[in-house]
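Reader: I would like a close look at a single part of this model, followed by its setting in the chain.

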Amino acid sequence: MEIVGWILVILLFAVGMAGAIFPVLPGSLAIYAAFFVYGLCISFAPFGVWFWTLQTLILVVLFVSDYAVSAWGVKKYGGTKASVIGSTIGVIIGPFVIPAFGLIIGPFLGAVIGELLVGSDFNRAVKAGWGSVVGLFASTAMKIILQIVMIVLFVIWIIWN
């Protein structure tokens, strides 16, 4: 059962890291689920209150910052709430509509369309679209870093306990 547990943990970590780049995958939730799989298949003994507190805090920061950093990019480049909403819709729909480049084009077009719908001029809309791409890359970098921190904390906890 221990080997199966480790295989599942590693698979969930891989899905989690892929989820930092592909928003259709569960990302940080997969990494968090790996801790439960480890506990169920191997042992919950290494995990205490501090482990769960730190990991849950990181998970909450990931969820909040994912939206906040993306919105920051749009707003920094002059976008409004409409472009933030459009960018978010574009992140979700883009990869399905344009498989190879939809992850980048989706938020850009979503922000541009959102701005145009509220009456902004084309230049401002494009600037907000560019901001959505900047925000997307910043958000992705932050997700990758925080998810690596989650995995490293897990490994440290297992080794030290």
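Which backbone oxygen lies 2.8 Å from a polar atom of the side chain of Thr 140?

Author: The structure is a predicted model, in which local features need pLDDT of at least 70, side-chain atom pairs count only at pLDDT 80 or more, and totals for chains, interfaces and linings use all residues. Residues are numbered from 1 along each chain as its sequence is written, and side-chain values use heavy atoms, with hydrogens and water left out.

The backbone oxygen is that of Leu 136. Thr 140 is found in helix 6; helices here are DSSP runs of H or I with at least four residues, numbered from the N terminus. With a relative accessible area of 13%, Thr 140 is buried, a term that means under 20% relative accessible area with a 1.4 Å probe, protein chains only. Not counting residues up to four places away in sequence, Thr 140 touches Ala 20 and Ile 21, where contact means heavy atoms within 4.5 Å.

Leaving aside neighbours within four places in sequence, the contacts of Phe 154 include Trp 6, Tyr 38 and Gln 55.

As for the setting, the protein chain has six helices and zero strands, and buried residues make up 42% of its 161 residues.

Conventions. Helices (H or I, at least four residues) and strands (E, at least two) are DSSP runs, numbered from the N terminus. Buried means under 20% relative accessible area, exposed over 50%, partly exposed in between (1.4 Å probe, protein chains only). A polar contact is a pair of N or O atoms within 3.5 Å; within protein, one must be able to donate a hydrogen and the other to accept it, and residues adjacent in sequence count only if both atoms are side-chain atoms.
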